[in-house]
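Okay everyone, thanks for coming. I'd like to talk through some aromatic contacts today, so let's get the structure up on the screen.

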Amino acid sequence: MSDQSKPLRVLVVGCGNMGSSHATAYHTLDGFEICGIVSTGKSKEILNEKLGGGYPLFNEFETALATTKPDAVCISTYPDTHEAFAVKSFEAGCHVFIEKPVADSVAGAERVVAAAVKAGKKLVVGYILRHHPSWEKFVALSHEVGKPLVMRMNLNQQSDSSMWTLHRNLMKSLSPIVDCGVHYIDVMCQMTRSKPVQVYAIGARLTEEIPAGNYNYGQLQIRFEDGSVGWYEAGWGPMVSETAFFVKDVFGPKGSVSIVAKDAGGEGKSASIEAHTKTESIRVHHSDLDANEKFAKPDTWINLEDEPDHQELCNREQRYFLKAIRENIDLTDHMQDAVNSLRIAFACDESVRTGQVVVL
């Protein structure tokens, strides 16, 4: 953008959980100006009212894009529209912030990246954990426990009412281990800094309310070139147990690092968006033994009281988006990581369907 002082005019597309949080960021942060809000249903009216009203509202993306001529587009719709909306935005000369996953296929994600490169515009993908100081700390500490690593993570969500509706809608185009798994696969790749070589996954369809080919519980396993291994599981729905909702753990030869969420792991919290990113404290364990083969050092606790809430994390993502545009940050690795984590997640999906190990 030539004039750094002019606010970035953003078209907000999709007004669900994430879309309304991003819109709130644009509404409150310096450097942004919302030029339009798009959704197929009533959610745009609700969001507009929440923001004090006055923003132009549209039912259809193409009309909104042509009418508002934005500098940037924020896409938080269901994944089956991501590719088309992003490519059209780039062709119209806009920068794009897109919620993960980039697209609902690997080829689609590659086409989105190619469109960004061709247009010479920025593509930032909503990997929210990359903007979370305690997850950054978790990843940094994982580099101190040696190799190979064992990484254990899950996010099971016991959902009802509007959350179950959201999950059912998502499962029209993706499985839980693709939709959520891309975050944690991304974390594992940052922890090992090694190449994933094979995946294996299992899944179960626990309700007739989702498409025949899909499953609402999945567990994936990844093997890395350096000998590291990781697993991740995700289950969605009213039948999911809440007791197995929060495991975020890594161990290596020298010890372990664990996120301990006493509160987020509590009753009724598994479907809470706030609880998904809350870390509360990190426990660091050292494997060194003394002459009597007793632990030589006590575990250390790192308390993380300075925790951004969900809205503040979205604000940080949007500040990064603005910085990437204004400072012309090279996002090649960022885009490649987004495609790679999606490639791994879809390989897990393939493994669920075929029952076979998939070599990457």
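So, over residues 142-238, how much of the chain is helix and how much is strand? Keep in mind that this is a predicted model. That stretch comes out at 28% helix and 34% strand, with its end C-alpha atoms 34 Å apart.

Now the rings. The count is 6 aromatic pairs. Take Trp135 and Phe138: their ring centres are 5.6 Å apart with the planes at 85°, and since over 60 degrees counts as edge-to-face, that's what we call this pair. Both sit in helix α6, residues 133-142, and they're 3 residues apart, about one turn of the helix. Trp135 is buried, at 1% relative accessibility, and Phe138 is buried too, at 0%.

Next up, Tyr184 and Tyr232. That pair is stacked, 4.8 Å centre to centre and 15° between the planes. Tyr184 is in helix α9, residues 181-192, while Tyr232 is in strand β11, residues 229-237, so the pair ties together parts that are 48 residues apart in sequence. Tyr184 is buried at 3% relative accessibility, and Tyr232 is buried at 0%.

And here's the bit I like: ring pairs link Trp135, Phe138, Tyr184 and Tyr232 into a cluster.

Lys248 has its charged end over the ring of Phe246, 4.2 Å from the centre. Arg130 lies over the face of Tyr127, 5.8 Å from the ring centre.

Key. Residues are numbered from 1 along each chain as its sequence is written. This is a predicted model: local features need pLDDT of at least 70, side-chain atom pairs count only at pLDDT 80 or more; totals for chains, interfaces and linings use all residues. Side-chain values use heavy atoms; hydrogens and water are left out. Helices (H or I, at least four residues) and strands (E, at least two) are DSSP runs, numbered from the N terminus. Rings of Phe, Tyr and Trp (its six-membered ring) pair if their centres lie within 6.5 Å; planes under 30 degrees apart count as stacked, over 60 as edge-to-face and the rest as tilted. Buried means under 20% relative accessible area, exposed over 50%, partly exposed in between (1.4 Å probe, protein chains only). A charge sits over a ring if NZ of Lys or CZ of Arg is within 6 Å of the ring centre and within 35 degrees of the ring normal.
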